[in-house]
Amino acid sequence: MKALKIEVERVVRPIQASGARKDRMREELLAHLTQLYEEELARSGDPDLAVGAAIGRFGDAATLSREMQASVSRLERFTYFQLPMPRWQRRRLGESPLHYILRLNTWAAVITLVAVTLLGLPLFFAASRRPHRADQVSPGQAEVFLIGFAAIQAITIYGWALLGEAMRRALVARESAASAIERRRAFWRIVGFAAANAALSGIVTSGALLLFVWVLPIDFVSRKWFWSITLTAMVAGPPMILLQGRDQRAAVRRFDDWESLDLDEVQPG
Amino acid sequence: MGTIRGDQLRGHLDGLILASLERGEAHGWDILRNLETASGGMLALKEGSLYPALYRLEGQGLLAARWDETAERPGPRRRVYRLTGKGRRRLAAARDEWRAFVSVLGSLLGALA
């Protein structure tokens, strides 16, 4: 029932805690409030009155929220402290998860690009004004480095976002598979996306290392270290994207079930 | 004597929850009903206020919880709480403290009467 969910969300939304903890609170509080509602409905027979009475027995949302917050450890409160999110950063009602991710990551890419340009341009102009020495970065190298860095960060941001979303869909497909064939197909999709992230991690890591090796006038990284770092990134890629897919699955569910609720909606009773 | 409200229970709710779970595991709903029954209807808690206490006790390792996957009723799942060994020791300590408190206040009030 929507009115009961809104009341639960009034309690839980302001709490600074992990998403998993807040999901647990939501489900448990909703179970209790639903049971209160059923008891009140059996007593009065009027759904609107029952909602009002159940919410009244449950307690003031702001007070409960404060008490709930106090039950969360300081470390968790600090870790999940969030400033109020600007409107443009929030997922809009009716916006698909993929569109939201692309929109958000485009902003991230633009902000990074602007920051890199603002930091890099003064260095570039400074380098182009003085006579070039063999042991210094040339203006041409600096230019290629900036462009290369921007390309790598764009590939990382978009590749990660798209693979994370693809992994989320595959996990949802596996969960809701109606037959063994569908389940197996979803499993192989998961394996495929995990392998794709191993490749992506290898490409961006080796690309970034090569860029530094090429532009820095010191022996930045040996061949042995180059391969060690690249292979470590490739090995870490599959579990990382699996975790990202699971996180995105939880976040999409959280939004669809709870965070899209309008807390200003008028309650009956 | 009127009903005992939540703010009058401050400091004692944790002990009451531990005592309620001494006989076995229970959902939040059942814990409240047990407390109501045991108090003869004298306890008037806001129902939601039980959960911050449960989470706090769980965080302190005095309670353990699991989702009730066997529930017959449809809808959101409930969590089942049980006392841990640490919780049993805390309950015993809380009882000793309460006996000492009642004894001291009893003798003082008796002396003043």
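Where in chain B is confidence lowest, and where is confidence highest? Let me take that question as my way in, because what we have is a predicted model, and where pLDDT is low, the predicted coordinates should not be read in detail. In chain B the lowest confidence falls in strand β1, residues 4-5, with a mean of 63, whereas strand β5 of chain B, residues 79-83, has the highest, at 95. Over chain B as a whole the mean pLDDT is 85, with 88% of its residues reaching 70 or more, and the model itself scores ipTM 0.86 and pTM 0.75.

Let me turn to the contact between the chains, to which chain A contributes 19 residues and chain B contributes 16. On the chain B side, α2 (28-38) and α3 (50-59) each supply at least two residues, and α3(B) gives the most, namely 5 residues. Sorted by class, that side of chain B holds 5 nonpolar, 5 polar and 6 charged residues.

Now to chain A on its own, where the domain assignment gives domain 1, covering 2-82, and domain 2, covering 92-258. Taken over C-alpha atoms, the centres of these domains of chain A are separated by 38 Å, and the contact between them involves 4 residues of domain 1 and 4 residues of domain 2. On the domain 1 side, helix α2 of chain A, residues 19-44, provides the largest share, with 3 residues, and by class that side of domain 1 has no nonpolar residues, 1 polar residue and 3 charged residues.

Methods
Residues numbered from 1 in each chain as written. Chains lettered and ligands numbered in written order. Predicted model: local features only at pLDDT ≥ 70, side-chain atom pairs only at ≥ 80, totals over all residues. Domains from an automatic or database assignment. Contact = placed C-beta atoms within 7 Å. Helix = DSSP H or I, 4+ residues; strand = E, 2+ residues; numbered from the N terminus. Nonpolar A, V, L, I, M, F, W, Y, C, P; charged D, E, K, R; others polar. pLDDT = per-residue confidence, 0-100.
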